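Here is a short tour to read with the model open beside you.

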Amino acid sequence: MRLSTRHILSINDLTKKDVLTILQTASSFKEISERPIKKVPTLRGRTVINCFFEDSTRTRLSFELAEKRLSADSSNIGKSGSAMAGKGETLLDTVRNIEAMRPDILVIRHSVAGAPAQAAEATNAHVINAGDGMHEHPTQALLDLMTINEAKGRIKGLKVGIVGDILHSRVARSDMLLFRKMGMELFVGGPPTLIPFGVEEAFGVTVCHDIGEVLPKLDVLMLLRVQRERQGEQFFPSGREYARYFGITDEKLKGAREDLIIMHPGPVNRGIELSAAVADGPRSVILDQVTCGVAVRMAVLYLLLGDTHGGE
Amino acid sequence: MASYFITGGRVIDPASKTDAKLSVLIEDGKVSQLTQSRKAPEGAVVIDASGCIVSPGFIDMHVHLRDPGQEYKEDIESGTRAAAAGGFTTICCMPNTEPAIDCASVAQYVIDRAREKGACNVLPIGAITRGLAGEAMSDIGDLAGAGACAISDDGKPVMNAGVMRRAMEYAKAFGLPIIAHSEDRNLAGVGVMNEGLVSTELGLNGIPAVAEEAMIARDIMLAELTGSHLHVAHASTMGSVELISHAKRRGISVTAEATPHHLTLTDEAVSDFDPNTKVNPPLRTEADRTALIKALADGTIDAIATDHAPHNIVDKEMGFENAAFGISGLETMLPLMLALVNEKKITLKRMIEALTSAPAKILNLKGKGTLKAGSDADVTIFDPASSWTVQADRFISRGHNTPFDGLRVTGKIKWTIVGGRIAYSS
């Protein structure tokens with residue numbers, strides 16, 4: 001099995017068939033993480049470099065564990081230790097240097113949109129975008145889809161609400177692309193200051209500033225982390241107001257379907273976009289998302305390198 | 001000084017309403033005669049312009065030469081040689097140098113250096129405010145005295161409307177137009193491209209059209225209040241065109257320019273994060289582009305100016321968001337604009353006018369922008385049918401930052417004559 005693409009820079013790189021292959025592979029890999037000895041030799045002798053030019057805890061750990069559980073040799077480049085931050089080396093120079101050491105896969109997280117795409121042109125390795133600026137975070141969307149599939153047993157036709165900072169969210173962009181590609185119906189909400197220009201046309205979603213209007217018909221509700229201020233610009237008056245008008249509480253969920261699931265890519269601002277009771281409540285699949293994350297990343301690493309294992 | 005007899009070409013000089021097969025005689029740095037004769041006077045060197053258009057030398061009223069201070073991006077010698085290769089005989093350089101052209105001595109440096117090393121005429125544009133800081137007025141009178149042709153804080157807006165008003169009033173005493181970089185910094189925010197569907201898709205911060213339009217509206221009102229001449233640099237939106245058109249109809253002294261890249265590309269070009277498509281104002285939508293072309297055709301947009309903004313590769317390799325704004329435009333202008341002519345969007349005459357007599361009129365340049373007998377012997381000769389491929393690494397400019405690299409284009413500069421001397425020949 002192989003994917004139709006060399007790199008995973010955007011959800012747009014994947015066909016529907018690729019997505020289904022990833023989900024299928026991920027669910028078979030999920031079991032490895034449940035074993036006492038959590039390791040298979042599948043990617044033995046393969047080199048993966050995790051280039052996290054922007055801080056990350058969850059995603060980085062998730063990729064690292066995925067690599068280790070498949071027996072790949074993995075190394076990490078961080079923000080503080082890299083020449084990028086300190087010595088003014090350009091992104092392309094950094095990538096050219098890494099390339100000279102012959103890696104098989106580069107996993108790139110960068111604060112600049114398009115950085116992984118730019119890097120992909122300077123390397124023969126496969127590139128996985130682990131989040132670039134406000135652009136995309138494709139493996140997050142894939143793990144979200146896997147979580148939904150596991151919870152609901154189906155994908156097509158599901159109604160999904162995404163509420164919060166759509167404007168600055170790479171997760172939202174990848175989710176919107178992926179969920180639409182897989183035939184789901186999408187509603188996005190939150191304060192109008194955080195809804196990007198033309199999002200309906202650009203992504204084929206419906207905007208509703210009062211998510212309560214569509215809540216009763218939703219199967220999935222995803223909340224996104226919000227920040228009052230970004231780069232000196234203010235998007236809502238206070239966390240208190242946000243929580244009151246846009247935050248999700250048990251009270252607001254009264255009209256929701258019995259089987260509505262609550263998702264959040266983390267880290268959660270408890271008491272702002274989501275009350276603690278909802279985050280920890282029975283509807284929440286937030287930690288299932290994290291578990292699926294490792295499996296999905298194992299799947300994409302494996303599928304990008306194909307099933308012809310190095311050295312075997 | 002050699003005399004030249006340019007013969008066999010089609011002479012188009014919009015200023016004198018000339019469009020005919022004529023020969024041009026150049027003597028002592030001046031155009032001495034336009035004649036039907038194809039016989040060269042004795043001693044004159046013949047330039048065979050068969051199949052070519054003979055035009056007054058192109059004037060680019062918006063160029064960044066980066067000299068003094070950022071010579072690693074460009075200097076006066078490389079920039080003027082690139083200009084000559086692009087068909088320009090006169091260029092006006094913006095004052096956002098280090099130090100800024102905000103006093104007579106820096107203006108004098110540019111003029112002296114251009115005289116010594118320049119391949120074409122260079123007219124400095126002085127700063128509106130000291131250090132382009134938007135606060136205190138620069139030495140506007142001294143700058144005019146030293147030879148500045150206009151004032152501008154280009155690259156930055158003058159955000160304080162009170163400062164802009166006083167500078168506009170004051171500049172009137174010296175007959176200098178004010179060239180406005182129209183951008184409300186608060187509305188533009190941290191934007192790096194046009195705010196639209198493409199920015200939403202790419203997750204890049206947008207610069208809304210209103211950031212430009214709100215400032216143009218303000219400056220038009222200030223031009224009306226002060227009676228000063230406002231020239232709008234690099235207009236890029238449909239709304240800007242409407243504001244300028246409305247102001248002109250009301251008799252306010254407003255002129256405007258558009259760049260080849262805004263007339264040719266849209267924000268769709270940003271889709272693969274090519275840092276060479278990052279420019280300020282940003283590439284806009286197809287509706288904006290169409291409105292700009294129409295405005296250029298009908299004269300609402302007076303002039304074509306490149307906003308040549310050369311950058312070193314290191315300024316563009318840090319990813320789209322961190323990349324510097326700007327396109328190296330001198331060497332690709334002609335074929336890009338000829339493409340509009342070939343698509344019948346503008347006439348050849350209008351294109352030449354927007355590159356010659358229009359900027360000469362805006363900047364009040366005597367003896368330039370025309371081939372009338374007695375004017376300066378600044379002549380551009382180009383073959384409108386010759387095809388070539390844009391190769392950024394072959395640019396004469398130190399700035400190889402072009403989104404047109406690899407593009408097959410039509411229209412080639414054959415000779416650029418500056419003050420009666422051949423500054424470039426292909």
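## How elements are named

Helices (H or I, at least four residues) and strands (E, at least two) are DSSP runs, numbered from the N terminus. Residues count from 1 along each chain as its sequence is written, with chains lettered from A and ligands numbered from 1 in the order in which they are written. Please keep in mind that this is a predicted model, in which local features need pLDDT of at least 70 and side-chain atom pairs count only at pLDDT 80 or more, while totals for chains, interfaces and linings use all residues.

## The two chains

Chain B holds 13 helices and 20 strands. Its radius of gyration is 20 Å, close to the 22 Å from the globule rule for 426 residues, so chain B is as compact as a globular protein of that length. (The radius is taken over C-alpha atoms, and the rule is 2.2 Å times the number of residues to the power 0.38.) Along the principal axes, the C-alpha atoms of chain B fill a box of roughly 65 × 45 × 45 Å.

Chain A has 11 helices and 11 strands. With a radius of gyration of 19 Å, close to the 20 Å that the globule rule gives for 312 residues, chain A is likewise as compact as a globular protein of that length. The C-alpha trace of chain A spans about 55 × 45 × 35 Å along its principal axes.

## A sheet in chain B

Now find the open sheet of six strands in chain B, ordered S3-S2-S7-S18-S19-S20 with mixed pairing; two strands pair if DSSP finds at least two bridges between them. S3 (18-21) and S20 (421-425) of chain B are the edge strands, each with a single partner, so one side of each has no neighbour in the sheet. On average, neighbouring strands are turned by 25° against each other, direction ignored.

Inside this sheet, S18 (residues 379-389) and S19 (residues 408-418) of chain B pair in the antiparallel sense over eight bridges. B:Val379 has B:Ile417 in S19(B) as its bridge partner.

## A helix pair in chain B

Helices H7 (residues 209-226) and H8 (residues 238-249) of chain B pack at about 15°, with axes 9 Å apart. Axes are lines fitted to C-alpha atoms, for helices over the stretch in contact, and angles run from 0 to 180 degrees between N-to-C directions.

Which residues of H7(B) and H8(B) meet? Among them are B:Ile216 and B:Ile220 in H7(B) and B:Leu243 and B:Ile244 in H8(B); contact requires C-beta atoms, placed from the backbone, to lie within 7 Å.

How values were computed: Two residues are in contact if their C-beta atoms, placed from the backbone, lie within 7 Å.
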